[in-house]
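Dear colleague,

I am passing on the structure we spoke about, and below it you will find my notes on what turned up in it. Please read them alongside the coordinates.

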Amino acid sequence: MKNSSRNLCTLLLAGTITTPALLFAHELGAPFSGAILDPTILHHAHIENEQRFNFFALEGMTDDNGVKHSGYQGELELAYGSQSYRYGFELFLPVSNMAAPDGQGRVMGLGDMQVSPLKYALLMKPDFVISTASGFGLPTGSKSDGLGSGNTSFTQYLFADKAVGNWSAVVNLAVGDNLLGDRDTWFEYGVGLAYSFIHGVKFGEVAPARPAQKWVAAPMFELIGEHSFRESLLGRHTTSVAPGLSFWHVRSGWQLRTGAQLPVAGRREADSVFTIQIGNHLNWGALFGKNSHATHEQSEN
């Protein structure tokens with residue numbers, strides 16, 4: 001299982017990299033401002049086909065004996081969007097390399113998968129998107145090896161993207177509950193702000209989906225929090241900040257993002273988490289040799 005999971009991630013990632021196609025920061029024909037970014041930690045509201053690989057390096061993870069270790073995780077993120085960009089689904093497939101819970105050696109294998117079988121846009125304009133998604137956490141990782149929680153969870157999300165000129169903001173709200181496993185109910189929130197260096201865009205204008213420049217750089221900042229309502233953990237609250245930087249090669253469409261998630265209050269999985277992401281919005285039809293989306297003229301809602 002461990003080797004097959006690793007080979008699956010490698011195969012799917014290689015397929016998205018080697019497929020010849022036109023790639024953009026947003027999917028070809030998608031009616032969204034070029035200033036609306038994919039955050040490093042939070043989820044974006046706009047719905048598109050997407051292929052992305054996320055790498056996380058966790059520093060200062062504590063084992064059962066109180067000794068700190070490093071951990072590593074590679075996550076394959078795949079998303080499908082309909083031709084209208086109105087609905088889609090998402091899949092997150094992690095493979096982790098962590099210190100064993102007792103500190104004796106290391107373990108590697110598949111972590112807990114996250115699946116959102118339905119993501120739907122409630123409001124969709126070039127500079128403003130609101131969407132909702134229903135997500136399931138599946139206990140595919142080994143709890144005894146410290147690679148999974150052993151819980152089956154359900155989370156209902158609400159996402160928003162808003163662009164004003166070169167500025168963009170993202171908001172995430174979520175309520176979750178464990179359907180099987182440890183009893184727990186929680187509330188998650190997150191806000192993010194970014195500025196894209198797109199030439200010639202004035203405040204209040206909608207940035208072009210494909211700017212006439214070679215590179216677009218964008219600094220980002222995110223604030224993430226979670227509160228548990230479980231009786232034994234009542235009052236537990238975790239808060240972290242995540243500064244980051246995005247680079248978009250306009251002609252090829254590849255995007256590279258890097259950043260760090262730093263806990264500032266509450267319980268922490270690690271002292272710090274460093275992130276590197278690479279991805280694109282290649283249409284799945286084009287990926288498998290079918291016709292890609294035609295340019296879609298989106299009416300106001």
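Among contacts in the chain (heavy atoms within 4.5 Å) between residues at least 6 apart in sequence, 60% join residues at least 24 apart. Please keep in mind that this is a predicted model, in which local features need pLDDT of at least 70 and side-chain atom pairs count only at pLDDT 80 or more, while totals for chains, interfaces and linings use all residues. Residues are numbered from 1 along each chain as its sequence is written, and side-chain values use heavy atoms, with hydrogens and water left out.

The secondary structure comes to 2 helices and 13 strands, both taken as DSSP runs numbered from the N terminus (helices H or I with at least four residues, strands E with at least two). Of the 301 residues in the chain, 48% are buried, where buried means under 20% relative accessible area, exposed means over 50%, and partly exposed lies in between (1.4 Å probe, protein chains only). The accessible surface of the chain comes to about 14,400 Å², and 61% of it belongs to carbon and sulfur atoms; these areas come from the Shrake-Rupley method with a 1.4 Å probe, and for residues only the protein chains shown count as cover.

Salt bridges

The structure holds 7 salt bridges, each being a side-chain nitrogen of Lys or Arg within 4 Å of a carboxyl oxygen of Asp or Glu. In one of them, Glu 77 pairs with Arg 52, and the closest N and O atoms are 2.9 Å apart. Because Glu 77 lies in strand E2 (residues 68-81) and Arg 52 in strand E1 (residues 50-62), this pair ties together parts that are 25 residues apart in sequence. Glu 77 counts as buried at 4% relative accessibility, and Arg 52 counts as buried at 5%.

Another salt bridge joins Lys 119 to Glu 90, with the closest N and O atoms 3.3 Å apart. Lys 119 belongs to strand E5 and Glu 90 to strand E3 (residues 87-99), so the pair links parts that are 29 residues apart in sequence; Lys 119 and Glu 90 are both buried.

Asp 271 and Arg 268 form a salt bridge whose closest N and O atoms are 3.9 Å apart. Here Asp 271 is partly exposed at 29% relative accessibility, and Arg 268 is partly exposed at 42%. Salt bridges that share partners also join Glu 50, Arg 52 and Glu 77 into one network.

Aromatic pairs

There are 8 aromatic pairs, counted where ring centres of Phe, Tyr and Trp (its six-membered ring) lie within 6.5 Å, with planes under 30 degrees apart called stacked, over 60 edge-to-face and the rest tilted. Trp 167 and Tyr 195 are edge-to-face, because their ring centres are 4.9 Å apart and their planes stand at 65 degrees. Since Trp 167 lies in strand E8 and Tyr 195 in strand E9 (residues 185-195), the pair ties together parts that are 28 residues apart in sequence. Tyr 195 also forms an edge-to-face pair with Phe 197, at 5.0 Å centre to centre and 75 degrees between the planes, and Trp 167, Tyr 195 and Phe 197 form one aromatic cluster. Their relative accessible areas leave Trp 167 partly exposed at 39%, Tyr 195 partly exposed at 26% and Phe 197 partly exposed at 49%.

With kind regards
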